[in-house]
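Q: Please go through the labels used for this model, and set each value against its definition.

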Amino acid sequence: MSKLDSFDRQFRRTARGMRRPAGPQQWDRIEQLLSRRQSGPAAVSWMGVRPWMVAAVVLLVAGFAAFTQLPRPAQDTVLAQRPESVEDLALTATTFPRIPDYTPVSEGRPDGEVISRSEPRGQLTPAPKYRF
Amino acid sequence: MGAVARRYCRRDADADDVLVAGFFRVFDKIDTFSDTGSFEGWIRRIIVNEALMLLRKKHALRQASELTEVDPASYAIPAAATERLAEQDILDLLDGMPTGYRTIFNLYVIEGYKHREIAEMLDISINTSKSQLILAKKRLRELLEKLGYPAR
């Protein structure tokens, strides 16, 4: 306790005896503050915007962003495979064995094979180099 | 408690704000009240703290001077001056003082805090608290004379 002289003690006694009761408006304000606290943080609003509204907007934006960023597998694979198949064809085309040009066989060739033009079709057999 | 708030705040509206904020805190923290002290004293401390917070928010406690030479006799006021002091006169006297003087006078003389405690509450030095009390009493003496009370 602080050291008080007689003036201080008298002043203190009188000042502490003063009364200023709270009016109905003050009690209403206290009640409003208490009811706002009891309804929890979800009821707190700023400019009429509730927290659940903010959360909903965030979810919508995040969902839209995720949807636009997702890869599209069907289109991408088709576009990617087309040039590969063309390249394969181009690479393998150089290695294909070329079919020799046709040259008519003349009778009595020097390799000794006998070619008859008078035998019936059923008795003819193809030369060995043309057999499969 | 309305009178406690009004002693710290010159404006009635500020005193009402302090009262509302203080009682909201009382109801909010009522489970933290321990039976060691009086319930009225606990509420009074909350109201005083709310009043000090409001004064800090309004930067009303920034100006604080420190006296180098202290002569207690220069601010002594005879007890007879308060014998017929009316409540409204007390409010007028407190309102007539600057915020810093009035706050420290309230805390020391009426609430009963020590200078060390006041220094901690207001974040000032102990000597500043003592100086402000001396200046408050000097001002109070001048005001009492103006009101026609025997201040010498």
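Q: Why is B:Val109 called buried?
A: B:Val109 has 22 C-beta neighbours inside 10 Å. A residue is buried if 20 or more other C-beta atoms lie within 10 Å of its own, exposed if 12 or fewer, and partly exposed in between, with C-beta atoms placed from the backbone. B:Val109 therefore counts as buried. The model is predicted: local features need pLDDT of at least 70 and side-chain atom pairs count only at pLDDT 80 or more, while totals for chains, interfaces and linings use all residues. Residues are numbered from 1 along each chain as its sequence is written, and chains are lettered from A and ligands numbered from 1 in the order in which they are written.

Q: Where does B:Val109 lie, by secondary structure?
A: B:Val109 lies in helix α6 of chain B. Helices (H or I, at least four residues) and strands (E, at least two) are DSSP runs numbered from the N terminus. B:Val109 and B:Leu133 are 24 residues apart in sequence, and their C-alpha atoms are 9.0 Å apart in space.

Q: What makes B:Asp123 exposed?
A: B:Asp123 has 10 other C-beta atoms within 10 Å, so the residue is exposed. B:Asp123 sits in the loop between α7 and α8 of chain B. Its phi is near 60°, a positive value in a residue other than glycine.

Q: How many helices and strands does each chain have?
A: Chain B has eight helices and zero strands, in the pattern α-α-α-α-α-α-α-α. Chain A has four helices and zero strands, running α-α-α-α from the N terminus. Buried residues make up 37% of the 152 residues in chain B and 3% of the 132 residues in chain A.

Q: What makes a set of residues a nonpolar core?
A: A nonpolar core is a set of buried Ala, Val, Leu, Ile, Met, Phe, Trp, Tyr and Cys residues joined through C-beta atoms within 7 Å. The largest one here has 21 residues, and B:Met97, B:Tyr101, B:Ile104, B:Phe105, B:Tyr108, B:Ile118 and B:Ala136 touch the most other members. At least two residues each come from α1 (6–16) of chain A and from α5 (87–95), α6 (99–110), α7 (115–122) and α8 (126–147) of chain B. The most, seven residues, come from α6(B). Another core, of 17 residues, lies apart from this one and includes B:Cys9, B:Val18, B:Phe24 and B:Val48.

Q: Which residues does B:Ala136 contact, leaving aside neighbours within four places in sequence?
A: They are B:Met97, B:Tyr101, B:Arg102, B:Ile104 and B:Phe105. Two residues are in contact if their C-beta atoms, placed from the backbone, lie within 7 Å.

Q: Why is α6(B) called roughly perpendicular to α8(B)?
A: The two helices pack at an angle of about 100°, with their axes 8 Å apart. Axes are lines fitted to C-alpha atoms, for helices over the stretch in contact, and angles run from 0 to 180 degrees between N-to-C directions. Angles under 35 degrees count as roughly parallel, over 145 as roughly antiparallel, 65 to 115 as roughly perpendicular and the rest as oblique. That makes α6(B) roughly perpendicular to α8(B).

Q: Why is α2(A) called oblique to α2(B)?
A: The axes of α2 (residues 24–38) of chain A and α2 (residues 12–28) of chain B come within 9 Å and cross at roughly 40°. That makes α2(A) oblique to α2(B).

Q: Which residues of α2(A) and α2(B) meet, and how do they divide by class?
A: A:Gln26, A:Arg29, A:Ile30, A:Leu33, A:Leu34 and A:Arg37 meet B:Asp16, B:Leu19, B:Val20, B:Phe23, B:Phe24, B:Phe27 and B:Asp28. The contact has eight nonpolar, one polar and four charged residues. Ala, Val, Leu, Ile, Met, Phe, Trp, Tyr, Cys and Pro count as nonpolar, Asp, Glu, Lys and Arg as charged, and the others, Gly among them, as polar.

Q: How many residues does each chain give to the contact between them?
A: Chain B gives 27 residues and chain A gives 24 residues. On the side of chain B that touches chain A, the largest share, seven residues, comes from α2(B). By class, that side has 17 nonpolar, three polar and seven charged residues.
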